[in-house]
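Please find below my notes on the two-chain model. They are meant to be read next to the coordinates.

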Amino acid sequence: MAPKKNRDRPLTPTPALAAHQDAAPAAAPLAAKSSATKSGRANWDDVLLNIYQYYMKETPQRTKLIDAFLLFLVAAGGLQFLYCILAGNYPFNAFLAGFGATVGQFVLTVSLRIQTTAANKSDFPSISPERAFADFVVCSLILHFFCVNFIN
Amino acid sequence: MTTEVPLRQDGFNSSSTRTLLRVIILCLIAGAAISSRLFSVIRFESIIHEFDPWFNFRATKYLASNGFYKFWDWFDDRTWHPLGRVTGGTLYPGLMVTSGVIYHALRALTVPVDIRNICVLLAPAFSGLTAYATYLLTNEMTTSPSAGLLAAAFMGIAPGYISRSVAGSYDNEAIAIFLLVFTFYLWIKALKLGSMLWGASCALFYGYMVASWGGYAFITCLLPLHALVLICMGRYSTRLYVSYTTWYALGTIASMQIPFVGFLPVKTSEHMPALGIFGFLQLIAFINYVRSAIPSRQFQTFLATILIATFGIGLIALVALTSFGYVAPWSGRFYSLWDTGYAKIHIPIIASVSEHQPTAWPAFFFDLSFLIWLFPAGVYMCFQELRDEHVFIVVYSLFASYFAGVMVRLMLTLTPIVCVASAIALSSMLDLYVSAKTPDPKEVERIVADAASKKPSKATTGLRGSDKPKIGIFHSSSKFIVVASAIVYLLMFVTHCTWVTSNAYSSPSVVLASRMPDGSQHIIDDYREAYQWLRQNTKEDAKIMSWWDYGYQIGGMADRPTLVDNNTWNNTHIATVGKAMSSREEVSYPIMRQHEVDYVLVVFGGLLGYSGDDINKFLWMVRIAEGIWPDEVKERDFFTSRGEYKVDGDATETMKNSLMYKMSYYNYHSLFPPGQATDRVRNSRLPDQGPVLNTLDEAFTSENWIIRIYKVKDLDNVGRDHAAAAAFERGQKKRKTNKNKGARVLRVD
């Protein structure tokens, strides 16, 4: 799992991981299997926990708002897809328009999120947050024009 | 190009002077691009060329006179006679709408121009825009001030592009190449800035391109490929995410608005790379986010699991969807680009088109002159300084070179990148050699020493061979020689392009020009003579049967319904016509009756030596018909026992009895003194006894016998078959009226 070349790096030994890494090569082959799965699970929990904590701590309020909207879009898209699977895709253009609108709005919002995140400032030297928002509005308008046209 | 020399000198160097020079140069380039396309208009007349443009012209006329909504829902009952064609849903409307808009805009400006002139001159006008788009695209690639102008000049007059955009060539490519280059420019711009707005405008122009040309699949496959290569090189950036996803989300929805495209972007394999990269980018963006969130050891686990899971699921899903038929496999036209032998075996109608053949080497030199050997150099220079947009050039050039090698027609998509890459190569050379400054020897020594000391530290980013120190040229004579030779090549390029355009690409195939012994021009205008005859001397709804090549021209010039035309969407219908042409009269007469054919038109070049006639295309008719009715039409029967395709006395019985042979050579021997009848295309002596036609009447034969039109006879009044009736009329005895009446069967009621 954890590649060995990273072992001598000083940063980031969270306790669980360090223990796992020391244990895994040393363990007997029989025990290795169960411990690997167990520690794999623990590892995963750890990863998710870490991500959650990082997210809660580092994300500014405005970005969290955007994320809530993203979550809503994912839910809306998922519901449409589920309905399409359950009830068939007969007006296929309607399904595509609705689903395309959610997907398109999702990626546009993610783009807005990327451009307004402070950490990405160096990637977009010429785009201020206001400019990013204006772009977002224009692109969403274009997207919705096409979607409304396509849904008939 | 030579104007850049004063540009470098001090005193002229202000930015406003440069801008002025740039504008002037670009205007001159546009002027050159337009005027070099006018040979055919000046020599002959302002007329639509070739075959396909006649349909576009007809559709544009319909649009201009009936308005947009009627055009969108146009059901054309004057083509594909019994079937008709839902034209609004089976064409790319971009070209027609563009010229319709120009037409109405000019009328609003009180400059009423005939729609035909707009159609004829649309391609030259757009070639000026293409030159400008190439200028913009090249300026994104390099900082050299001259590269953009050089690329624009190359693009303006390169024969590879002129071949499809001379005045009168009113084909989709006329505007599509401009849109192609401009879409690429917007894509590069979006990628560089990471801006949603540029991505959206790229998507809009992509939508316009989809509305104009079937070759939009090229963009749909090239941009994902570029993105994929960037990701694989570890150059993923948030800018790539923003530009690509904006382009894909908006562009796909936009492309689905065109009725002819419809659901294809989610259903066919050509569009799946774009979708796949779209999904892949989401994944990468998410992974990238997580990378910043958690420590790197945990990240390794995370990455491995996620990547394996998604790739596995994605691949399985794609394979499953394709094999269960939710996603259509590659269509024949695209598939034949990969498997180059495919079309010849399975779809003869694709292989029968001459521009779907592989390209020969001379064609590259003929179409691109000295650009073809500057092109690899330009691509190499992009490797030296490998930024994101240079990767695009590399990917595009590899992709387009392959396709141009497979198919002659795709030379057109290669030309822009050749112009850009060779302009980069040439301009970087000129930048080095034109500069008037002589480097100071001491300075150079210092630089060399610097570079030598720096070498181990390896600070440069390019390839290993590229980090050589920049040293100037000391002697002005070497500068002079290099610059002079470059100028000589440029001048030769101009003369070559003009010569090629004038001699090879500026002939309207509607009128054939030949030279008299004294050098004066003799114009053979049989096509229009015959079409005009049809237009004036037949009923308004007389159905014309001809081979599909002439379908659009008959519809456009003669304005009569046809059975098949150049839009080969129904292979069986074409095979029906092929069968009627290649069978005995007794077989083809019922076919013609069933399809309500009134006139049959054949093209015959035997008298004039016009080689593109129907006898030379005849084998394709046989092959296409054989594909549907293998036991009624057999290609083997048209060859002599020694395997030769002959039309003279040695021709096989099947050949001599085929309708096409009979129509072509009907009464032909009577033009010559006995025993002298020759066919000048096939170079063969024809038998003295011409073929006999029982079911058709000769209705019209043009001056040089190029077009022959036959009228289908009505049923016989007294119910005999036509052979008997014709024999009776010729006064032939009814084959020895012997008393024993033979085995007649009883009448059955």
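Predicted model: local features only at pLDDT ≥ 70, side-chain atom pairs only at ≥ 80, totals over all residues.

1. **Extent of the interface.** The size of an interface is often given as the accessible area lost when the parts come together. Here chain B and chain A bury about 3900 Å² between them. Carbon and sulfur atoms account for 70% of that area. In residue terms, 37 residues of chain B are in contact with 51 residues of chain A.

2. **Which elements touch chain A.** Five helices of chain B give two or more residues each to this side: helix 11 (196-212), helix 13 (238-255), helix 14 (264-267), helix 15 (272-293) and helix 16 (296-323). Helix 13 of chain B gives the most, with ten residues. By class, the chain B side divides into 21 nonpolar, 13 polar and three charged residues.

3. **The open sheet.** Chain B has an open sheet of four strands in the order 5-6-10-9. The pairing is mixed. Strand 5 (544-545) and strand 9 of chain B are at the edges, and each has a single partner strand, so one side of each has no neighbour in the sheet.

4. Strand 9 (residues 696-701) and strand 10 (residues 707-712) of chain B run antiparallel and are joined by five bridges. B:Glu698 stands opposite B:Tyr710. B:Thr701 stands opposite B:Arg708. Five residues lie between the strands of this hairpin, and B:Trp705 takes a positive phi near 60°.

5. Strand 3 (residues 512-515) and strand 4 (residues 521-524) of chain B pair in the antiparallel sense over four bridges. What is the bridge partner of B:Ser514 in strand 4 of chain B? The partner is B:His522. This hairpin has five residues between its strands, and B:Gly519 in the turn has a positive phi of about 90°.

6. Side chains of opposite charge can pair when their charged atoms come close. The count comes to 28 salt bridges over all chains. One of them joins the side chains of B:Arg78 and B:Asp559, at 3.8 Å from N to O. B:Arg78 lies in the loop between strand 1 (75-76) and strand 2 (85-86) of chain B, and B:Asp559 in the loop between helix 27 (551-558) and helix 28 (571-582) of chain B, so the pair ties together parts 481 residues apart in sequence.

7. **Domain annotation, chain B.** An unreviewed UniProt entry lists residues 543-593 of chain B as "domain: STT3/PglB/AglB core". In the model this span is 57% helix and 4% strand. Its end C-alpha atoms lie 11 Å apart.

8. **Transmembrane annotation, chain A.** UniProt, again in an unreviewed entry, places "transmembrane region" at residues 65-88 and 94-112 of chain A. Residues 65-88 of chain A are 96% helix and 0% strand, with end C-alpha atoms 34 Å apart. Residues 94-112 of chain A are 100% helix and 0% strand, with end C-alpha atoms 27 Å apart.

Key:
Residues numbered from 1 in each chain as written. Chains lettered and ligands numbered in written order. Heavy atoms only, no water. Contact = heavy atoms within 4.5 Å. Buried area = accessible area lost by both parts, 1.4 Å probe. Nonpolar A, V, L, I, M, F, W, Y, C, P; charged D, E, K, R; others polar. Pairing = 2+ DSSP bridges. UniProt positions renumbered as here; feature names shortened; annotations may be inferred. Salt bridge = Lys/Arg side-chain N within 4 Å of Asp/Glu carboxyl O.
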